[in-house]
Each structure stands twice: as C-alpha cells, then as structure tokens.
Amino acid sequence: MPLKFDVKYERSKKKIAKKISLTLIEETEKLYKIDPSHLKLNLKNIVCKRDKQKQSVRVLGNDGYRILLTHKDDIVYFQDIMNHDKYDRLTKDC
C-alpha cells in the first residue's frame, strides 16, 4: 500500500524532530510500510464522524507522540504528528 505525507505532517515532523529523534520517526514510517499491524506501532482506530478511516500509530521508542493517518483510495496518508495532549484534544470531538 503506497504511503504519502501531507504538507502538515512534514511541517510537524520537522518541528517534533527538535524534541525527539528524527531517526525514530523515520523508523516508524519504515515499519508501517513493512507491517502496518506490528505491535510496536500500537495501531488505534479513531472514531470520527468526518473520516471513518482515521487511525493513529505510536512513534517508536517514544510513548509521548502519535502519528495520525487515514486511508483513501488504497493510499495511506500520514496527516500529522503530535504529543498526547494535542492528540487527545483533536480526537475527542472528531
């Protein structure tokens, strides 16, 4: 399944990479490409009225950050990367 990165994801990735290792983020992306259901990713489905295909994965080696993603036309779009506080706020009233 092809993987694409939204502009917002790329911006967030640069910003978050100052706090955590960019290598960990890239390893997470690679592992998702190889095995999206791998236990280390802690894949979660998000109940969202606007986007029924929304999910999130944990950044490897860092429990404090998650990556939001969605599926459209057999393509996976990484949408954003954020800490748990922002993640909880955004997914609460999706």
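Predicted model: local features only at pLDDT ≥ 70, side-chain atom pairs only at ≥ 80, totals over all residues.

Residues are numbered from 1 along each chain as its sequence is written, and side-chain values use heavy atoms, with hydrogens and water left out.

The overall fold, then. The protein chain has 3 helices and 5 strands; these are DSSP runs numbered from the N terminus, with helices being H or I of at least four residues and strands E of at least two. Along the sequence the order is β-α-α-β-β-β-β-α. Of the 94 residues, 40% count as buried. The C-alpha atoms fill a box of roughly 35 × 30 × 25 Å along the principal axes.

Now helix 1, residues 7-16. Which of its residues are buried? They are Tyr 9, Ser 12, Lys 13 and Ile 16. Seen down the helix axis, these fall within an arc of 105°, so they line one face of helix 1; the arc is that of the directions from the axis to the C-beta atoms. An α-helix has 3.6 residues a turn, so residues three or four places apart point the same way. On the other side of helix 1, the exposed residues are Val 7, Arg 11, Lys 14 and Lys 15. The cover over the buried residues includes strand 1 (3-5), helix 2 (22-34), strand 4 (65-72) and strand 5 (75-83), where contact means heavy atoms within 4.5 Å.

Next, the largest pocket, with a volume of about 230 Å³. Of the 13 residues that line this pocket, Lys 8, Lys 54, Leu 68, Gln 79 and Leu 90 are the closest to its centre. Strand 5 and helix 3 (84-92) are the elements that give two or more residues to the lining. A pocket here is an open set of points on a 1 Å grid over the protein atoms alone, where a 1.4 Å probe fits, with protein on both sides within 12 Å along at least five of seven lines; lining residues have an atom within 4 Å of a point. The volume is the space filled by probe spheres set on the points, which are joined across faces, edges and corners.

Last, Asp 85, in helix 3. Buried or exposed? Asp 85 counts as exposed, because its relative accessibility is 57%.

Notes
Buried < 20%, exposed > 50% of the residue type's maximum accessible area, 1.4 Å probe, protein only.
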